[in-house]
Amino acid sequence: MNINKLIRPSVLNLKKYSSARDEFSDKKDDFQFMDANENPFDTEYNRYPDPYQKGLKKKLADLKTISDENIVLGNGSDEILDLIIRVFCEPQKDEILSLSPSYGMYEVLAQINNVTYKTCRLNSEFQLDVKAFLNEVSKNTKMLILCSPNNPTGALLQVASIKKVLDDFKGIVVIDEAYIDFSANSSFINELAHYENLIVTQTFSKAAGLAGIRLGVCYASQAICKAINKIKLPYNVNTLTQQKALQFLENIDKIKSQIEIIKSERSVLFKVLESLNYVEKVYPSDANFILVKVDDANKRYQELLNFGIVVRNRTNVEMCENCLRISVGNPQENQKLIYVLKEIDR
Ligand SMILES: *Cc1c(COP(=O)(O)O)cnc(C)c1O
């Protein structure tokens, strides 16, 4: 597969901006840096960050047993998704096909880039109907976006279905794995060697507990990473974020136990939710939230709010009528939630 044929000609032909740290990245202590118009007095942060985040990428690459040339980092995975769209989708011509219901940001990013966004409904189990999905592919469909585990449904898409899509579609396939660490399945990163058109996005915002530092990760073939690097802003991931993320990766075991707690709390909440009279369906979740169908979402949302609990009302989302999306809290928060859920069950 020739990835360059999928890249927008204007991006392919672009002469990349070369920053000071691009042109000279050797970092010897006895060098005197007088090339980037920085303030020479040490404030800890007077120097520009490494535009390619080499230290952080090396650590991440080791953890995922992948090459650092298969990684691009961004200011949250929202930035990564925006960059991917800008590399491949020609405005007013190319189209993106995704699923519904899914993450609302895809449509917004497509609209910002003036790219047509189409969706195919998930089936009643919130699974991908491969045949119906591929039927929606037109000659202008440049990119597919699959979110697994999916937001707001919580369901992991079946691996076999995703593989069928990958085998059939010759454009770019993005798999958004923001919630993969809460699922029992392994990541599609392991399939990168088989599919040059596959892009897997992950984030430090959910399982890693670092939503505030804004760090998103793209795993893809070298050809794709090279194209994204060409258009990303030179210093898109700041020094503080790079330091904090490195620190986090050096203590990765701590987060693993938190994830285990969140998963066991998720099953406790699941059972409680199922026992309530006003709950019509609790959707199985591979993420750190649960989608639940109630008798009257607006009413239940307000009742929870009256007790100081904020959940996400998804009743206006396609196929999610009267659904609330509840993030799994810490054990203490979940106890209060359970108390209130039962209190309003009358
Ligand atoms: C939360 C979320 C993200 C994360 O976006 P960031 O910009 O990395 O915080 C991405 N995709 C989905 C489906 C999400 O729910």
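Reply: The following account treats the ligand site and then turns to a sheet elsewhere in the description.

The model is predicted. The shell around the ligand consists of 14 residues, among which Ser77, Tyr179, Thr203, Lys206 and Arg214 come nearest. By class, this shell comprises 5 nonpolar, 5 polar and 4 charged residues. Helix α4, spanning residues 76-88, supplies the largest share of the shell, namely 3 residues.

For threonine 203, a polar side-chain atom is 2.6 Å from an oxygen atom of the ligand. Aspartate 176 has a polar side-chain atom 2.7 Å from a nitrogen atom of the ligand. In the case of asparagine 151, an N or O atom of the side chain lies 2.8 Å from a ligand oxygen atom. The ligand on its own has 390 Å² of accessible area, and the protein covers 94% of it.

As for the sheet, 4 strands form an open arrangement in the order β8-β9-β11-β10, with antiparallel pairing. β8 (279-282) and β10 (312-313) are the edge strands; each has a single partner strand, so one side of each has no neighbour in the sheet. β10 is joined to the antiparallel strand β11 (residues 323-327) by 2 bridges, and arginine 312 stands opposite arginine 325 in β11. Helix α11 (residues 297-306) packs on this sheet and touches β9 (289-294), β10 and β11. The direction of helix α11 makes about 35° with that of β11.

How values were computed
Residues are numbered from 1 along each chain as its sequence is written. This is a predicted model: local features need pLDDT of at least 70, side-chain atom pairs count only at pLDDT 80 or more; totals for chains, interfaces and linings use all residues. Side-chain values use heavy atoms; hydrogens and water are left out. Two strands pair if DSSP finds at least two bridges between them. Contact means heavy atoms within 4.5 Å. Axes are lines fitted to C-alpha atoms, for helices over the stretch in contact, and angles run from 0 to 180 degrees between N-to-C directions. A residue is near a molecule or strand if one of its heavy atoms lies within 4 Å of it. A polar contact is a pair of N or O atoms within 3.5 Å; within protein, one must be able to donate a hydrogen and the other to accept it, and residues adjacent in sequence count only if both atoms are side-chain atoms. Accessible areas come from the Shrake-Rupley method with a 1.4 Å probe; for residues, only the protein chains shown count as cover. Ala, Val, Leu, Ile, Met, Phe, Trp, Tyr, Cys and Pro count as nonpolar, Asp, Glu, Lys and Arg as charged, and the others, Gly among them, as polar.
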